[in-house]
Amino acid sequence: MEIDEIYMRRALQLAAAGKGWASPNPMVGAVIVCDGKIIGEGYHRRFGGPHAEVNAINSVVDKSFLRESTMYVTLEPCAHYGKTPPCANLIVDVGIPRVVIGSVDPFSKVGGRGIGILREAGIEVSVGVLEHECRELNVKFMTAHTRRSPYVTLKWAQSSDGFTDSIRNSGTQAQRFSTSLSSVAVHALRADNDVILTGAGTVIADNPRLDVRLIDGRSPRIAVLDRRGRCDASSHVFEREGTIYFTSVVRRDLPDGVVQVEMPLGAGLDFVLDYLYRCGAVSVLVEAGATLLKSFIEAGLWDKARIEIAPFALGENGVGRMLIPKGTLTESTLDGNTVITVSN
């Protein structure tokens with residue numbers, strides 16, 4: 001294995017520690033090497049905080065070694081002022097003579113500009129070391145900024161005969177498919193997305209909180225698609241500051257913190273995704289009933305589906321039947337349930 005790959009693998013390990021916290025920024029790791037020894041390491045810990053390159057440089061005890069070092073970074077250093085100053089400029093200022101980059105940043109405000117700044121300053125730059133691994137680590141970020149639309153994950157649980165719920169009276173709790181352990185995995189999935197999108201039917205029937213409670217992670221922003229304005233204003237989804245409410249019926253009874261987005265006549269799911277992307281969402285988790293899930297599948301507006309299958313059938317009591325969508329499929333077991341992941 002080439003020496004550059006060894007240090008890039010370490011940078012990838014560091015980058016993964018930002019999972020669930022860095023988005024909508026990418027997960028990035030950085031390693032600084034001098035005379036065959038690692039003298040500094042860092043990763044992007046959370047959105048709004050210092051980037052990996054800054055943390056790595058700050059971790060170096062004797063800054064004079066920086067002028068004889070190589071920095072390994074999984075993604076092209078940023079070249080614009082956002083929450084923090086440009087990392088490319090910082091690398092130039094501290095005098096690092098060589099930078100090895102895993103992947104170019106597809107974000108429109110970077111997109112090669114960071115590499116250009118480094119090379120114009122006379123820094124030796126190598127690009128593409130473990131590029132596939134670096135891109136896969138941030139597949140949601142890469143996909144979203146390449147096509148300018150969020151990476152969409154569909155999530156549902158069902159019985160062995162394909163039903164997502166059972167016939168129930170008003171006020172009756174939803175059919176439970178997940179176990180205590182698999183519920184933790186669901187909360188980890190929530191924490192790894194910027195927005196959870198649900199529909200009016202789910203809000204009315206289940207009044208979900210759609211937050212992260214079972215792990216240490218952030219709760220994503222909530223978006224509700226309710227064209228006819230049917231959701232009760234006291235629903236839990238409206239308790240979260242900044243909930244986005246897509247509707248054709250502008251309402252006066254919702255809390256002040258709810259962002260109401262009026263949908264034009266004929267607007268569809270592409271309108272919803274475009275709005276969420278312009279709000280900064282890189283990834284959207286659709287956690288909804290069969291009707292909305294099928295709409296995404298039929299429109300082809302999805303990237304991955306996670307389906308949890310419980311080992312029992314509902315038969316005549318089942319409603320909301322779903323079919324496994326076509327795509328590249330992987331299968332695993334979790335606490336007695338089967339978990340299928342399909343990539344579109």
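## Strands and bridges

Two strands count as paired if DSSP finds at least two bridges between them. With that in hand, here's a look at this structure, which is a predicted model.

Take Val31 to start with: its bridge partner in β3 is Tyr72. That link belongs to a pairing between β1, which covers residues 29-34, and β3. The two strands run antiparallel, and four bridges join them.

## The sheet as a whole

Now zoom out. β1 and β3 sit in an open sheet of five strands, and the order across the sheet is β2-β1-β3-β4-β5. The pairing is mixed. At the edges you'll find β2 (37-43) and β5 (124-127), each of which pairs on one side only. Going from one strand to the next, the twist averages 15 degrees.

## β3 and its other neighbor

In the order of the sheet, β3 stands between β1 and β4. With β4 the pairing is of the parallel sense: residues 70-75 of β3 and residues 98-103 of β4 pair over five bridges. Another spot to look at is Val73, which stands opposite Ile101 in β4.

How many residues of β3 are buried? Six of its six are, so to speak, tucked away: the strand is mostly covered. As a rule, side chains in a regular strand alternate between the two faces of the sheet.

## A helix on the sheet

Helix α4, made of residues 113-120, packs on the sheet. The strands that α4 touches are β4 and β5. Compare directions and you'll get about 150 degrees between α4 and β5.

## What about the cysteines?

A disulfide is a covalent bond between the sulfur atoms of two cysteines. How many disulfides turn up in a search of the whole structure? The search finds zero.

To count as a disulfide, the two sulfur atoms would have to be within 2.5 Å.

Cys231 is buried, with a relative accessible area of 1%, whereas Cys279 counts as partly exposed at 37% relative accessibility.

Definitions and conventions:
Residues are numbered from 1 along each chain as its sequence is written. This is a predicted model: local features need pLDDT of at least 70, side-chain atom pairs count only at pLDDT 80 or more; totals for chains, interfaces and linings use all residues. Side-chain values use heavy atoms; hydrogens and water are left out. Axes are lines fitted to C-alpha atoms, for helices over the stretch in contact, and angles run from 0 to 180 degrees between N-to-C directions. Contact means heavy atoms within 4.5 Å. Buried means under 20% relative accessible area, exposed over 50%, partly exposed in between (1.4 Å probe, protein chains only).
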